[in-house]
Amino acid sequence: MRVLLIGANGYLGRFVADRLLADPAVQLTALGRGDDADVRFDLATGSPGALTRFLDAVHPGVVINCAGATRGGARDLTRHNTVAVATICEALRRSGCGARLVQIGCGAEYGPSQPGSSTAEDAVPRPGGPYGVSKLAATELVLGSGLDAVVLRVFSPAGPGTPAGSPLGRLAEAMRRTMQSGDGELKLGGLGAQRDFIDVRDVARAVHAASLSAAQGVINIGSGRAVRLRDAASVLARVAGFGGALHELDSPGGPVRPTLGHPRSDPDHVAPAAHPYPDGCGSWQQADVRTARDRLGWRPRINLEESLADIWMEAACRI
C-alpha cells in the first residue's frame with residue numbers, strides 16, 4: 001500500500017509516520033514544507049495542478065493529511081487549515097490515482113458542550129474560536145468533495161512531543177521551573193476546564209486503522225473520559241516527584257485555592273495570571289468514541305498517567 005503522508009514532521013504526523021513505517025506492507029512518502037520531507041510542497045500556496053501531477057506520478061492508495069496550524073490569527077489558520085485542504089481535495093478530484101483521504105480534524109470543531117455529556121459525531125458543530133472554525137471548514141470541504149474520505153476528529157492529544165505552548169506542556173514547564181529553582185510552591189490558573197485527553201500514539205493507531213478501513217464520514221478519536229486539568233496537574237506532580245504545594249488560581253488576580261500539598265501563608269506572594277483553555281470549547285468536552293470502536297475496531301490503550309509521565313520525562317531533560 002502506497003501512502004502519501006502530509007505533515008509528517010508535525011506533532012501528530014511524526015507518530016503517524018512511525019506507525020506506518022512499522023507496517024511492512026506500507027510504502028511511505030512524506031510531503032511537507034521542510035527540507036527533510038521526501039517532497040517539498042506548501043499546501044497553502046501551491047496549486048492543485050502541481051499537486052495533481054505529483055499524485056499521478058506517485059499514485060498513492062491513501063493520502064493522510066496531518067498538516068495544519070493550531071496557533072495564529074484567523075488569516076493564517078484559514079490558509080493552513082482550510083485552503084490547504086481545499087488544495088488536497090481538488091488535486092485528488094483531478095488525479096487518476098483514486099486515493100482514499102484520511103483527514104485529521106479536531107474536537108474544537110464541536111465547540112462548547114453540556115457538562116457531563118459525551119459528544120457524538122451527529123452533534124451540530126459550533127466552534128468557539130477561529131481554530132475550530134478553520135478546521136470545521138476543512139471537514140466540510142472533505143465531506144462535500146465526493147472523495148473516498150474519512151475525517152478523524154481528534155480531541156485533546158497528549159504524550160511525548162506535546163508542544164510547550166499547550167495546556168499540558170505549559171503545566172510541565174511550570175513544574176520544571178519550580179523544581180529547578182527549589183521553590184516549594186507552584187501557582188497555576190485555568191485548571192478548571194475538563195478535556196478528553198488521548199495519547200498521540202493511540203491517535204496514530206487510529207489513523208493507521210482508518211487508512212485500511214472503508215469507513216467514511218466523521219469519526220471521533222478520544223478516550224471517552226473527561227479529565228479536569230486540575231486532576232491532571234496532581235497526577236503530573238506525583239509522576240514528577242514534586243513534593244511542594246500546588247495552588248489553583250480561581251481567576252486573574254483572584255484568590256488561590258490549594259489543590260496539592262500545604263499552602264504558604266504569604267500575603268505578599270503574587271500569583272500569576274490565569275490562562276483559559278485556548279481551544280474555544282468552554283469548561284467541558286468529552287468524546288463519544290463508539291463509532292471508532294464499531295467502524296475502525298479501535299480503542300485507546302494508553303492511559304493519561306503514562307502520557308503525563310512521557311511529557312514530564314521530556315520536560316525533566318531540560319533541567
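This is a predicted model: local features need pLDDT of at least 70, side-chain atom pairs count only at pLDDT 80 or more; totals for chains, interfaces and linings use all residues.
**Helix H1 and its cover**

Helix H1 spans residues 11-21, and its buried residues are Tyr11, Leu12, Gly13, Phe15, Val16, Ala17 and Leu20. Several elements contribute to the cover over these buried residues. Among them are the strands S1 (2-6), S2 (27-32), S4 (62-65), S5 (100-106) and S7 (156-158). Helix H6 (200-212) also belongs to the cover of the buried residues of H1.

**Packing of H5 against H7**

Helix H5 (residues 167-181) packs with helix H7 (residues 229-240) at an angle of about 40°, and their axes lie 11 Å apart. The two helices, H5 and H7, are therefore oblique to each other. Their crossing, that of H5 and H7, is right-handed. On the H5 side, the residues in contact are Pro167, Leu168, Leu171, Ala172, Met175 and Met179. These meet Leu229, Ala232, Ala233, Leu236, Ala237 and Ala240 of H7. Sorted by class, the contact of H5 with H7 has 12 nonpolar residues, with no polar and no charged ones.

**Salt bridges**

The structure holds 16 salt bridges.

| Pair | N to O distance | Relative accessible area |
|---|---|---|
| Arg94 and Glu90 | 3.0 Å | Arg94 49%, Glu90 24% |
| Asp199 and Arg201 | 2.7 Å | Asp199 1%, Arg201 25% |
| Arg290 and Asp288 | 2.6 Å | Arg290 51%, Asp288 11% |

Arg94 and Glu90 both lie in helix H3 (residues 74-94), where they are 4 residues apart, about one turn of the helix. An α-helix has 3.6 residues a turn, so residues three or four places apart point the same way. With a relative accessible area of 49%, Arg94 is partly exposed, and Glu90, at 24%, is likewise partly exposed. The pair also belongs to a network of salt bridges that links Glu90, Arg93 and Arg94.

In the bridge between Asp199 and Arg201, Asp199 counts as buried because its relative accessibility is 1%, whereas Arg201, at 25%, is partly exposed.

The side chains of Arg290 and Asp288 also meet in a salt bridge. Here Arg290 counts as exposed because its relative accessibility is 51%, and the cut-off for that class is over 50%.

Key
Residues are numbered from 1 along each chain as its sequence is written. Side-chain values use heavy atoms; hydrogens and water are left out. Buried means under 20% relative accessible area, exposed over 50%, partly exposed in between (1.4 Å probe, protein chains only). Contact means heavy atoms within 4.5 Å. Axes are lines fitted to C-alpha atoms, for helices over the stretch in contact, and angles run from 0 to 180 degrees between N-to-C directions. Angles under 35 degrees count as roughly parallel, over 145 as roughly antiparallel, 65 to 115 as roughly perpendicular and the rest as oblique. A crossing is left-handed if the near helix is turned anticlockwise from the far one by less than a right angle, and right-handed if clockwise. Ala, Val, Leu, Ile, Met, Phe, Trp, Tyr, Cys and Pro count as nonpolar, Asp, Glu, Lys and Arg as charged, and the others, Gly among them, as polar. A salt bridge is a side-chain nitrogen of Lys or Arg within 4 Å of a carboxyl oxygen of Asp or Glu.
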